[in-house]
Amino acid sequence: AMQRVLEYGLAIDEEGVIQQAQRFTSANPDARELALLLVNRLVDFSRYDDALEQIAIMQNRNPEDFDLLYIQAEINIRAERYEQAKQLLNEYINVQNQRRQSLDDSLTTALSSISDARLSLVQIAEKQHDLHEAIRQLGFIEEPALQFQIHVHRAVLEARLGDLQKANHTL
């Protein structure tokens, strides 16, 4: 019920609904889905610090929820805090690499999680106009299902750098 209040009440009383959702998630720490929805809505309203505060509360409750690192990074990307986002993404990648070392890839989502984080690093590099770094990050992505997309993206970046011969070769 609180999710519906959060979804539909924001247009009527943004601050009141957010405060009500914050109280509810404080009283019901297992309401992870609602807490993430609240974070999402705070980001929609460009309330990045409030969203990060909610993530910090969730991390204190469950320090082993490493997916929150990725969510934090995404919030920082939206807030254009790229250095902080890169630090969090690299931390997330390290955690996922540890998972890959301890379990077979078929038993975890670590490989796809690393790919998502690398794509976020590519996005940051492009926003910072560092196309060489974007290409470098694309080179780290191992996810087989993404290889075609990676080659096309790399070729586009090489073309944007003016190296049409290399872009043609990549394709």
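Trainee: What makes α6 and α7 roughly antiparallel to each other, rather than roughly parallel?

Mentor: Please note that this is a predicted model. The axes of α6 and α7 cross at roughly 160 degrees. An angle over 145 degrees counts as roughly antiparallel, and α6 and α7 are therefore described in that way. Their axes come within 9 Å, and the crossing is left-handed.

Trainee: Which residues bring α6 and α7 together?

Mentor: On the α6 side they include Leu89, Tyr92, Ile93 and Gln96. Among those they meet in α7 are Ile114, Ala117, Arg118 and Leu121.

Trainee: Why is α7 said to be largely enclosed by the rest of the structure?

Mentor: The reason lies in its burial: 13 of the 18 residues of α7 are buried, so the helix is largely enclosed. Helix α7 covers residues 110–127 and reaches 26 Å from its first C-alpha to its last, close to the 26 Å expected. Just after α7, His129 takes a positive phi of about 60 degrees.

Trainee: How do you know whether Gln137 is buried or exposed?

Mentor: Gln137 has a relative accessible area of 4%. Buried means under 20%, so Gln137 is buried. This residue lies in helix α8 (residues 131–139). Leaving aside residues up to four places away in sequence, Gln137 touches Arg118, Leu121 and Val122.

Trainee: Why is the pair of Tyr70 and Tyr92 called tilted?

Mentor: The structure holds one aromatic pair. The ring centres of Tyr70 and Tyr92 are 5.4 Å apart, and their planes stand at 40 degrees. Planes under 30 degrees apart would count as stacked and over 60 as edge-to-face, so this pair is tilted. The pair links distant parts of the chain, with Tyr70 in α5 and Tyr92 in α6, 22 residues apart.

Trainee: What makes Tyr70 partly exposed, and what makes Tyr92 buried?

Mentor: Tyr70 has a relative accessible area of 21%, and the cut-off for buried is under 20%, so Tyr70 is partly exposed. Tyr92, with 3%, is buried.

Trainee: How do you know that α3 is roughly parallel to α5?

Mentor: The axes of α3 and α5 cross at roughly 15 degrees and come within 11 Å. Angles under 35 degrees count as roughly parallel, so α3 is roughly parallel to α5. Their contact includes Leu36, Val39 and Val43 of α3 and Leu68, Ile71 and Ile75 of α5. The crossing of α3 and α5 is right-handed.

Terms used:
Residues numbered from 1 in each chain as written. Predicted model: local features only at pLDDT ≥ 70, side-chain atom pairs only at ≥ 80, totals over all residues. Heavy atoms only, no water. Helix = DSSP H or I, 4+ residues; strand = E, 2+ residues; numbered from the N terminus. Expected span 1.5 Å × (residues − 1). Buried < 20%, exposed > 50% of the residue type's maximum accessible area, 1.4 Å probe, protein only. Contact = heavy atoms within 4.5 Å. Phe/Tyr/Trp six-rings, centres within 6.5 Å; stacked < 30°, edge-to-face > 60°. Axes fitted to C-alpha atoms, helices over the stretch in contact; angles between N-to-C directions. Parallel < 35°, antiparallel > 145°, perpendicular 65-115°, else oblique. Left-handed = near helix turned anticlockwise from the far one by under 90°.
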